[in-house]
Amino acid sequence: MVRRAVILADKALGTLEGKTANVLVMYNGRRFDVVAVIDSSHAGMDAGEVLGIGKAGIPVVSTLEEALKRKPEALIVGVATIGGFLPPEYRRIVEQALELDLEVWSGLHQFLGDDPELSSLAREHGARIVDVRRPPSRLRIWSGEVLRTRCGRVLVAGTDCVVGKNVTVLEVAEELERRGLKPGIAATGQTLIMVGAHAGVVVDAVPSDFCPGVVEEMVLDLDSRGLNPVVVEGQASTLHPAYGQVSLAILYGCMPDAVILAHDPWRKVREGFDQPMRPLEHEIEAIRLTGGAEVVAISVMGWGRSRSEVEEACEGIERRVRLPAADPRRNPGKLVDAVVDKLKSIGKL
C-alpha cells in the first residue's frame, strides 16, 4: 500500500547528505506518496525545482505543522548523516510525529526504535517506528545457488559513494519495463528500500559472514517470482578502503552476469575522505578479477552538469575504456542496450 508521507530533510534537500530525500522526490509514488518536504532553507519552493527537475507538485515547508495540512500518514528521515546519527535538531520533529501517531521511517545507523524515549512515545501513542537498516532475523551463508538462476543478474556497482547508483538502478529498471521485460530490483541500501524495491536488505548492517548470503537470497527470491533480469544495487566501490568490503559482499552475493559501473568523472577525491579517486580502469579490472564479472557499460553521474559537459565526459570515457557510457537520466537506453546484448548472448533473455 502506498502511504502518504512527509520527508524530513531540513537544510539537506538537494545536497548529497539529502540523497534519500532527493531520490524519494524524483521517483515518487512507488512505496510512498510524498506530500511535502520539511526544509526551512527552501521553504515555499517546489521540491522538484530544488532538485532541478521541474515542478513535482511537492511543497517544501518549514515545519511539521505546515506539512500536516497535506494529511501525511508517515514521516521519513530523509538524510544520510556522517556516522548515521539523528541530528539533534531533528529529534523534536520525530517526537512530534510519534505523538501524532505518524509512522516514522529511518535509514540511519542509529536505530530509533532502540531509543528509550522515542520507543516509549511510540508505544504511548500507538505509533510505529521502522528502522530500515535493521538486519533480518534469519541470516544465511552464501551457498552458490545464485549461479543457477534462470534470470539474468545485473549489478550496478560504483567507483565511489554517491555516484548515482540508485538513480541508475531505477532508470535501467524503468527502461527494461518499457521494453516489455519484468525486471526485479534488489536493494542493498535504505534509500531504494524506501523508494519501493522488490526486495531489500541494508547489507552494511548485516554481520560480515552473512552479507553475500542475504544478497544471494534476494536474487533467488526474485528469480522464483519470475522477474528477469534482477538488478542489484551496489554500494560504494570495490577499491574503497573504508567500504570496499560491502561492495565485495554484494559482488560475491549476486555473481553478476553483467555490471553497469556508476562513475562521477569530475570527482578527484573520494566523497568524505581525503583520498584520491582510483582510475576507472582499475575499478573495472578489480571487478573482473574479484568477481569474474564483466563491466558492460559506464553510468555517468550528470547531476548539476550541462548536457554538453556530460556528452564530452561520456565520449572521453568511451575512448579510454571502450565501453558505452551515458547519463542514466538522459539516455538509459544506451546502458540497457549493453545489458540486453550481454544477457542475450548467454541465453538469459
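This is a predicted model: local features need pLDDT of at least 70, side-chain atom pairs count only at pLDDT 80 or more; totals for chains, interfaces and linings use all residues.
A crossing of two helices is right-handed if the near helix is turned clockwise from the far one by less than a right angle.

**Two helix pairs**

Let's start with H10 and H11. Helix H11 covers residues 307-321, and its axis sits 11 Å from that of H10, at an angle of about 55 degrees. That angle makes H10 oblique to H11. As for who touches whom, H10 brings Leu 280, Glu 281 and Ile 284, and these meet Ile 317, Arg 320 and Val 321 in H11. Sorted by class, this contact has 4 nonpolar and 2 charged residues, with no polar ones.

Now for H8 and H9. Helix H8 runs over residues 211-224, and its axis lies 7 Å from the axis of H9, with about 45 degrees between the two. These helices are therefore oblique to each other. Here, too, the crossing is right-handed as H8 passes H9. On the H8 side you'll find Cys 211, Pro 212, Val 215, Glu 216 and Val 219, which meet Ala 249, Ile 250, Gly 253 and Cys 254 in H9.

**Aromatic pairs**

How many aromatic pairs does the structure hold? There are 2, and here is how they line up:

| Pair | Centre to centre | Angle between planes | Geometry |
|---|---|---|---|
| Phe 32 and Trp 105 | 5.0 Å | 85 degrees | edge-to-face |
| Tyr 243 and Phe 273 | 5.7 Å | 80 degrees | edge-to-face |

Take Phe 32 and Trp 105. Phe 32 belongs to strand S2 (residues 32-38) and Trp 105 to strand S5 (residues 103-106), so this pair ties together parts of the chain that are 73 residues apart in sequence. Both Phe 32 and Trp 105 are buried.

Tyr 243 and Phe 273 sit in loops. Tyr 243 is in the one between strand S10 (230-233) and helix H9 (244-254), while Phe 273 is in the one between strand S11 (258-263) and helix H10 (280-291), so their pairing links parts that are 30 residues apart in sequence.

How values were computed:
Residues are numbered from 1 along each chain as its sequence is written. Side-chain values use heavy atoms; hydrogens and water are left out. Rings of Phe, Tyr and Trp (its six-membered ring) pair if their centres lie within 6.5 Å; planes under 30 degrees apart count as stacked, over 60 as edge-to-face and the rest as tilted. Helices (H or I, at least four residues) and strands (E, at least two) are DSSP runs, numbered from the N terminus. Buried means under 20% relative accessible area, exposed over 50%, partly exposed in between (1.4 Å probe, protein chains only). Axes are lines fitted to C-alpha atoms, for helices over the stretch in contact, and angles run from 0 to 180 degrees between N-to-C directions. Angles under 35 degrees count as roughly parallel, over 145 as roughly antiparallel, 65 to 115 as roughly perpendicular and the rest as oblique. Contact means heavy atoms within 4.5 Å. Ala, Val, Leu, Ile, Met, Phe, Trp, Tyr, Cys and Pro count as nonpolar, Asp, Glu, Lys and Arg as charged, and the others, Gly among them, as polar.
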